Amino acid sequence: MKQQVLVLYLATSALDSPVVGWASYDGTGRTRPTTGDGGEPPYDSGVAALRDGWRLFQAAQLIPPYPGHEYDTSFLKHEFFFEKLTD
(Lines give C-alpha, C1' and ligand atoms only; values in the text may rest on other atoms or scores of the structure.)
Protein backbone atom coordinates (compact mmCIF):
# COMPACT_ATOMS: atom_id res chain seq x y z
CA MET A 1 0.00 0.00 0.00
CA LYS A 2 1.17 3.49 -0.85
CA GLN A 3 -0.14 6.73 0.54
CA GLN A 4 -1.39 9.86 -1.19
CA VAL A 5 -1.73 12.95 1.01
CA LEU A 6 -3.93 15.98 0.42
CA VAL A 7 -3.65 19.10 2.59
CA LEU A 8 -6.57 21.50 2.41
CA TYR A 9 -6.62 24.92 4.06
CA LEU A 10 -10.23 25.96 4.60
CA ALA A 11 -11.78 29.37 5.17
CA THR A 12 -13.04 28.29 8.61
CA SER A 13 -12.78 25.29 10.90
CA ALA A 14 -15.92 23.73 9.35
CA LEU A 15 -15.24 20.91 6.87
CA ASP A 16 -17.89 22.29 4.53
CA SER A 17 -16.25 25.72 4.23
CA PRO A 18 -14.45 26.75 1.01
CA VAL A 19 -10.88 25.72 0.23
CA VAL A 20 -8.46 28.69 0.26
CA GLY A 21 -5.19 26.78 -0.21
CA TRP A 22 -4.01 23.24 -0.86
CA ALA A 23 -1.07 20.92 -1.42
CA SER A 24 -0.88 17.30 -2.51
CA TYR A 25 1.77 14.60 -2.31
CA ASP A 26 1.73 11.28 -4.17
CA GLY A 27 3.59 8.42 -2.55
CA THR A 28 2.74 6.18 -5.52
CA GLY A 29 5.06 8.16 -7.81
CA ARG A 30 2.38 8.32 -10.53
CA THR A 31 2.13 12.10 -10.31
CA ARG A 32 4.50 14.82 -9.17
CA PRO A 33 2.36 17.76 -8.03
CA THR A 34 4.14 20.99 -7.21
CA THR A 35 3.13 24.18 -5.46
CA GLY A 36 1.15 26.48 -7.70
CA ASP A 37 0.61 23.90 -10.46
CA GLY A 38 -3.11 24.63 -10.63
CA GLY A 39 -5.35 27.64 -10.28
CA GLU A 40 -8.36 25.70 -9.02
CA PRO A 41 -8.46 23.66 -5.80
CA PRO A 42 -8.92 19.91 -6.24
CA TYR A 43 -12.13 20.11 -4.15
CA ASP A 44 -14.51 22.89 -3.13
CA SER A 45 -14.51 21.81 0.54
CA GLY A 46 -13.25 19.16 2.93
CA VAL A 47 -16.60 17.38 2.71
CA ALA A 48 -16.18 17.07 -1.08
CA ALA A 49 -12.82 15.34 -0.50
CA LEU A 50 -14.46 12.93 1.96
CA ARG A 51 -17.16 12.11 -0.59
CA ASP A 52 -14.43 11.27 -3.11
CA GLY A 53 -12.86 8.69 -0.80
CA TRP A 54 -10.19 10.73 1.01
CA ARG A 55 -9.87 9.92 4.70
CA LEU A 56 -9.41 12.76 7.17
CA PHE A 57 -6.60 12.01 9.59
CA GLN A 58 -5.62 15.34 11.10
CA ALA A 59 -7.12 18.76 11.67
CA ALA A 60 -5.42 21.82 13.16
CA GLN A 61 -6.11 22.73 16.76
CA LEU A 62 -8.46 25.64 17.23
CA ILE A 63 -6.38 28.11 19.20
CA PRO A 64 -7.95 31.52 19.86
CA PRO A 65 -5.76 34.58 19.22
CA TYR A 66 -4.17 36.33 22.18
CA PRO A 67 -5.99 39.50 23.24
CA GLY A 68 -4.86 42.40 21.08
CA HIS A 69 -3.66 40.11 18.26
CA GLU A 70 -7.00 39.30 16.64
CA TYR A 71 -6.00 40.91 13.33
CA ASP A 72 -2.36 39.77 13.08
CA THR A 73 -1.52 37.69 10.01
CA SER A 74 0.27 34.39 10.26
CA PHE A 75 -0.04 30.84 8.89
CA LEU A 76 -3.27 29.44 7.46
CA LYS A 77 -4.83 27.99 10.58
CA HIS A 78 -7.65 25.76 9.31
CA GLU A 79 -5.44 22.97 7.97
CA PHE A 80 -6.83 19.50 7.27
CA PHE A 81 -4.82 16.44 6.21
CA PHE A 82 -6.44 13.72 4.13
CA GLU A 83 -5.09 10.42 2.81
CA LYS A 84 -5.87 7.74 0.27
CA LEU A 85 -4.20 4.34 0.36
CA THR A 86 -3.64 2.66 -2.96
CA ASP A 87 -1.78 -0.33 -4.36
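Valine 7 stands opposite phenylalanine 81 of strand β4 in this predicted model. Leucine 6 is set against phenylalanine 82 of β4. The two strands involved, β1 (residues 2–10) and β4 (residues 79–86), run antiparallel and are joined by eight bridges. Strands here are DSSP runs of E with at least two residues, helices are runs of H or I with at least four residues, and both are numbered from the N terminus. Two strands count as paired if DSSP finds at least two bridges between them.

Strand β4 also pairs with β3 (residues 55–59). Four bridges link these two strands, and they run antiparallel. Within β4, phenylalanine 80 stands opposite alanine 59.

Residues are numbered from 1 along each chain as its sequence is written. As the model is predicted, local features need pLDDT of at least 70, side-chain atom pairs count only at pLDDT 80 or more, and totals for chains, interfaces and linings use all residues, while side-chain values use heavy atoms, with hydrogens and water left out.

The four strands form an open sheet in the order β2-β1-β4-β3, with antiparallel pairing. Strands β2 (19–26) and β3 lie at the edges, and each pairs on one side only. On average, neighbouring strands of the sheet are turned by 25° against each other, direction ignored. Axes for such angles are lines fitted to C-alpha atoms, for helices over the stretch in contact, and angles run from 0 to 180 degrees between N-to-C directions. The chain has one helix besides its four strands. From the N terminus on, the elements run β-β-α-β-β.

The largest nonpolar core comprises nine residues: Leu6, Leu8, Leu10, Val19, Tyr43, Ala49, Trp54, Phe80 and Phe82. Strands β1 and β4 each supply at least two residues of this core. The largest share, three residues, comes from β1. Such a core is a set of buried Ala, Val, Leu, Ile, Met, Phe, Trp, Tyr and Cys residues joined through side-chain atoms within 4.5 Å. Buried means under 20% relative accessible area, exposed over 50%, and partly exposed in between (1.4 Å probe, protein chains only). Tyrosine 43 is in contact (heavy atoms within 4.5 Å) with Leu6, Val19, Ala48, Ala49, Asp52 and Trp54, leaving aside its neighbours within four places in sequence.

Buried residues account for 26% of the 87 residues in the chain. Of the contacts between residues at least 6 apart in sequence, 65% join residues at least 24 apart. The C-alpha trace spans about 50 × 25 × 20 Å along its principal axes.
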